[in-house]
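User: Hi! Could you walk me through the charged pairs and the ligand surroundings here?

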Amino acid sequence: MAMIAMANSRSAAAFDGDFAAWMGSVQARMESVLARLLPGADTPPERLHRAMRYAALEGGKRVRPLLCFAAGEVVGASTARLEIAAAAVEMIHAYSLVHDDMPCMDDDVLRRGKPTVHVEYDQATALLVGDALQSLAFQLLAEKKLTDDPAVQVEMLRSMALAAGSRGMAGGQAIDIESTGKSLALPELEFMHIRKTGALIRAAVMLGAGCGDALEEREREKLDHFAKSIGLAFQVVDDVLDAEASTATLGKTAGKDQKQGKSTYVSAMGIIAAREFAEELRNEAHDALAGFGGRASRLAKLGDFIVLRKF
Ligand code: GRG
């Protein structure tokens, strides 16, 4: 945790003081919101609840909650509503990491600078941690008030379910597993990553936007364009970091893509072209925000952070 916190502050420090402070405050807020919303470690079944807290607390950059909060600024959403939306997205993200690390999937022992959940606990517990985190996320989205219009809230729930399901993240993961050892062309890579990584990032932005004043259709499309571009950029940078950064910096095993025979943006186009592609996507993301003015300045800076991060 100390390592991740240090890396967080180092990376944010490259941005102006106000943005770095905002990032730190949202990250700290999310730690206490998640600690409050997750079942207590002493609540039976204690072992499962301890493992859920282990998976979701003390670690991670909290990129999806940050996106949710920044999108909320575009629409004047209240902090109380954004906390719930952001916690739900982060729980789904944490579940996906726990399952992804299991021996039947990516088989890894290190995540967020600490042993993965199936190593610290056991495989059955890791499976249940993922299941329960996902259920809790949907419970929160259903029972807490996120908007004044119940029909909008149902639509938010629906879009989160789509993002997490077989047409979104789970589907992208299935394609990833099926294509290990094969060489994917760029359009196939994009098809996979728009689902595996991009869908949840898009949901984080659109959920944050759903918590505030209604946007016009054209504005929603622009915000979604931003989210789609930055979601793909996130993955391109993830591939570059897997190839370039160390395990200590990342808090997860580095260099795995090549070892496991995965197609990545680095294997498909090389590191330099992959970095250039991430830059193109960053510009596209910025362009999409042009009409929002200062309301979207944090979202724009987060786009920069996602592309320029070192971990
Ligand atoms: C198991 C249904 C299911 C899906 C798994 C997200 C995912 C799909 C797998 C994770 C594997 C991976 C390395 C994907 C690349 C991009 C990614 C999601 C990285 C991890 O996200 P970060 O960097 O992690 O935001 P932190 O720990 O900072 O929250």
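Predicted model: local features only at pLDDT ≥ 70, side-chain atom pairs only at ≥ 80, totals over all residues.

User: Is Lys262 buried or exposed?

Analyst: Residues are numbered from 1 along each chain as its sequence is written, and side-chain values use heavy atoms, with hydrogens and water left out. Buried means under 20% relative accessible area, exposed over 50%, and partly exposed in between (1.4 Å probe, protein chains only). Lys262 has 14% relative accessibility, so Lys262 is buried.

User: Which residue forms a salt bridge with Lys262?

Analyst: A salt bridge here is a side-chain nitrogen of Lys or Arg within 4 Å of a carboxyl oxygen of Asp or Glu. For Lys262, the closest N and O atoms of the pair are 3.2 Å apart. The partner lies in helix H9 (residues 169-179) and Lys262 in the loop between helix H13 (256-259) and helix H14 (265-269), so parts 86 residues apart in sequence are tied together; helices are DSSP runs (H or I, at least four residues), numbered from the N terminus.

User: How many salt bridges does a search of the whole structure find?

Analyst: Besides the pairs above, Arg275 forms a salt bridge with Glu244, with closest N and O atoms 3.5 Å apart. Salt bridges that share partners also join Glu31, Arg62, Glu90 and Arg112 into one network. Over the whole structure, the number found is 23.

User: Which element gives the most to the shell around the ligand?

Analyst: The ligand is surrounded by 20 residues, Lys61 and His93 being among the closest; a residue counts as near if one of its heavy atoms lies within 4 Å. A polar side-chain atom of Lys61 is 2.6 Å from a ligand oxygen, and one of His93 is 2.8 Å from a ligand oxygen. H5, H9, helix H10 (186-210) and H11 each give two or more residues to the shell. With 6 residues, the top contributor is H5.

Conventions:
Polar contact = N/O pair within 3.5 Å; in protein donor to acceptor, adjacent residues only side chain to side chain.
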